[in-house]
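Student: Hey, can you walk me through this one? I'd like to go piece by piece.
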Amino acid sequence: MYQAAANTEAHRPWTEPTLTSYAAFDASTASIAAARAFARDFLTQVQSEHGLPVSSQVLGTGQLVVSELVTNACKYAPGPCLVELEIVGATLVITVWDSDPTLPDARPADPERIGRHGLEIVLAVCEDFDIQREPVGKRIKVRIPLA
């Protein structure tokens with residue numbers, strides 16, 4: 001579930017205006033739905049309060065990607081995960097940190113395989129994908145154009 005409330009704020013005056021929101025989730029399966037709602041609420045606020053265009057496709061894709069990444073964190077990492085959502089220019093940047101240092105392995109598409117398609121889906125719908133090991137765990141960052 002939500003471990004910390006998140007606020008949208010403008011910051012980083014030396015770069016493009018950026019809107020950012022953070023939330024922490026525990027490892028329960030309820031965290032997956034809470035993370036989807038967090039993404040939906042952030043993108044809705046970006047559109048309604050800041051006037052940035054967010055298509056229904058981007059709204060759905062953002063929720064799907066957050067859901068898949070948080071599902072993996074809940075399934076494979078002990079402990080909480082952190083989700084950061086940012087708008088940088090005309091791009092949604094989603095970052096998920098979890099405590100497991102093992103980097104995920106994207107498998108080739110296999111319609112016969114049941115389950116384990118999450119990373120395959122994320123790679124298919126995101127413009128950019130980056131994984132970095134951290135001193136504790138790993139950080140996955142993806143980018144989705146708003147338009």
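Student: Okay, which residues in α1 are buried?
Tutor: Quick heads-up: this is a predicted model. In α1, the buried residues are S31, I32, A34, A35, F38, A39, F42, L43 and V46.

Student: Where do they sit around the axis of α1?
Tutor: They are on the same side of α1, because they cover an arc of only 170° around the axis.

Student: Why do residues three or four places apart point the same way in a helix?
Tutor: It comes down to the turn: an α-helix has 3.6 residues a turn, so residues three or four places apart point the same way.

Student: And which residues are exposed on the other side of α1?
Tutor: Over there you'll find A33, S48 and E49 exposed.

Student: What covers the buried residues of α1, then?
Tutor: The cover includes β2 (18–25), α2 (56–76), β3 (81–88) and β4 (91–98).

Student: How many residues does α1 have, and how far does it reach?
Tutor: Helix α1 runs over residues 30–50, which is 21 residues. From its first C-alpha to its last it reaches 29 Å, close to the 30 Å expected at 1.5 Å a residue.

Student: What follows α1?
Tutor: That's G51, and its phi is positive, near 70°.

Student: You mentioned α2 in the cover. Where does S67 lie?
Tutor: S67 lies in helix α2.

Student: Is S67 buried or exposed?
Tutor: S67 counts as buried, with 10% relative accessibility; the cut-off for buried is under 20%.

Student: What is S67 in contact with?
Tutor: If you leave aside the neighbours within four places in sequence, S67 is in contact with I32 and R36. I32 is also among the buried residues of α1.

Student: Switching topic: how many aromatic pairs are there?
Tutor: The count comes to one aromatic pair. F25 and F38 form that pair, and it's edge-to-face, with 6.1 Å centre to centre and 65° between the planes.

Student: Which parts does the pair tie together?
Tutor: F25 lies in strand β2 and F38 in helix α1, so the pair ties together parts that are 13 residues apart in sequence.

Student: Are F25 and F38 buried or exposed?
Tutor: F25 is buried, and so is F38.

Student: Now charges. What can side chains of opposite charge do?
Tutor: They can pair when their charged atoms come close.

Student: How many salt bridges does the structure hold?
Tutor: It holds four salt bridges. One of them joins the side chains of D128 and R143, at 2.7 Å from N to O.

Student: Which strands are D128 and R143 in?
Tutor: D128 lies in strand β5 (residues 128–133) and R143 in strand β6 (residues 138–145), so the pair ties together parts that are 15 residues apart in sequence.

Student: How accessible are D128 and R143?
Tutor: D128 is partly exposed at 33% relative accessibility, and R143 is partly exposed at 27%.

Student: What does E134 form a salt bridge with?
Tutor: Its partner is R139, and the closest N and O atoms are 3.2 Å apart. E134 is partly exposed, with a relative accessible area of 26%, and R139 is partly exposed too, at 31%.

Student: Which residue does R40 meet in a salt bridge?
Tutor: The side chain of R40 meets that of D41, at 3.3 Å from N to O. R40 is partly exposed, with a relative accessible area of 36%, and D41 is partly exposed at 42%.

Conventions:
Residues are numbered from 1 along each chain as its sequence is written. This is a predicted model: local features need pLDDT of at least 70, side-chain atom pairs count only at pLDDT 80 or more; totals for chains, interfaces and linings use all residues. Side-chain values use heavy atoms; hydrogens and water are left out. Helices (H or I, at least four residues) and strands (E, at least two) are DSSP runs, numbered from the N terminus. The expected span of a helix is 1.5 Å times one less than its number of residues. Buried means under 20% relative accessible area, exposed over 50%, partly exposed in between (1.4 Å probe, protein chains only). The arc is that of the directions from the helix axis to the C-beta atoms. Contact means heavy atoms within 4.5 Å. Rings of Phe, Tyr and Trp (its six-membered ring) pair if their centres lie within 6.5 Å; planes under 30 degrees apart count as stacked, over 60 as edge-to-face and the rest as tilted.
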